[in-house]
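Dear colleague,

I am handing over the structure we spoke about, and I would be glad if you could look through it alongside the notes below.

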Amino acid sequence: MSRPALIAMALSTFAAGAARAADEEIQVYMDEIGPVHRPGLDVHLNFVPEGRTGPDYPGQEASAGRFRITPEWSYALNPNLELGAYLPLAEITRNGELEIGGAKARIKWVAPRAEGQDSFWGLNFEIGKVRRALDQNPWNAELKGIVGTRKGPWTLAANLNVDWVVSGPQAGTPPDLQLALKAAYSLDKETAVGFETYNGIGTTRALGHLSRNDNQTFLVVDRGFGKWDLNFGVGYGYGAPEDRWVVKAVVGVPIGG
């Protein structure tokens with residue numbers, strides 16, 4: 001068996017023991033940077049057919065039956081640095097009401113690579129404010145470490161996410177840690193299939209017991225349609241899941257010419 005295939009199996013085995021309730025975006029970050037000095041747009045969609053039906057704190061909205069819609073706008077300053085904004089964070093509640101949940105900003109940097117280099121790495125920082133029904137802490141931030149490689153038909157990537165509260169009743173608590181993994185196999189130039197996992201692993205102060213963490217694994221397909229792109233997946237939650245089933249999509253919309 002090839003080395004990328006062995007790595008993919010190892011990642012899958014590790015992830016099986018270790019995500020959280022469906023966020024506005026469910027995506028493993030890689031080395032993509034949009035065309036320089038041209039706007040970009042990805043639309044994040046996710047739906048929870050089976051999830052949490054009760055609140056974890058007074059005023060929280062249950063996730064079951066929720067459909068989230070988040071446009072992600074981007075603008076690359078150079079081939080290695082990109083600005084972005086999730087604006088607005090919108091949703092259709094289980095009662096059929098359209099709600100605006102907040103907004104987030106991000107900055108992504110990917111390290112320059114030598115010609116022919118397979119591996120990549122980078123960083124992504126996000127900060128944003130959401131309404132109380134989604135999070136009792138209004139301001140939150142995340143630092144994401146990005147690593148990955150492409151070898152033949154295989155693409156492997158991992159994100160280590162460090163999430164912390166900027167303001168709110170839980171400010172000052174240890175940051176949460178999440179490990180997100182992706183393994184994909186290209187069937188042709190336009191289509192790849194594989195899996196993504198989103199794995200809570202505890203906090204910076206103490207790693208949690210894997211079987212008690214919130215975990216999700218998605219079977220995914222990545223497909224190009226001319227200038228459009230689609231990442232589609234169906235995910236199952238296990239361990240101590242917030243959401244049992246999640247359907248998600250990321251649609252790349254050609255707006256920059």
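What follows is a short account of the fold and of some side-chain contacts.

Please keep in mind that this is a predicted model. Its strands β1 to β12 form a closed barrel of 12 strands with antiparallel pairing, and neighbouring strands of this sheet are turned by 20° against each other on average, direction ignored.

The search of the whole structure gave 15 salt bridges, among them the pair K182 and D222, whose side chains meet at 3.0 Å, N to O. Because K182 lies in strand β8 and D222 in strand β10 (residues 214-225), this pair ties together parts that are 40 residues apart in sequence; K182 counts as buried, with 4% relative accessibility.

Another salt bridge links D118 and K151, with the closest N and O atoms 3.0 Å apart. Since D118 lies in the loop between β4 and β5 and K151 in strand β6, the pair ties together parts that are 33 residues apart in sequence. Both count as partly exposed, D118 at 30% and K151 at 47% relative accessibility.

Finally, R66 and E61 form a salt bridge at 3.1 Å between the closest N and O atoms, with R66 buried at 5% and E61 buried at 16% relative accessible area.

Best regards

Conventions. Residues are numbered from 1 along each chain as its sequence is written. This is a predicted model: local features need pLDDT of at least 70, side-chain atom pairs count only at pLDDT 80 or more; totals for chains, interfaces and linings use all residues. Side-chain values use heavy atoms; hydrogens and water are left out. Two strands pair if DSSP finds at least two bridges between them. Helices (H or I, at least four residues) and strands (E, at least two) are DSSP runs, numbered from the N terminus. Axes are lines fitted to C-alpha atoms, for helices over the stretch in contact, and angles run from 0 to 180 degrees between N-to-C directions. A salt bridge is a side-chain nitrogen of Lys or Arg within 4 Å of a carboxyl oxygen of Asp or Glu. Buried means under 20% relative accessible area, exposed over 50%, partly exposed in between (1.4 Å probe, protein chains only).
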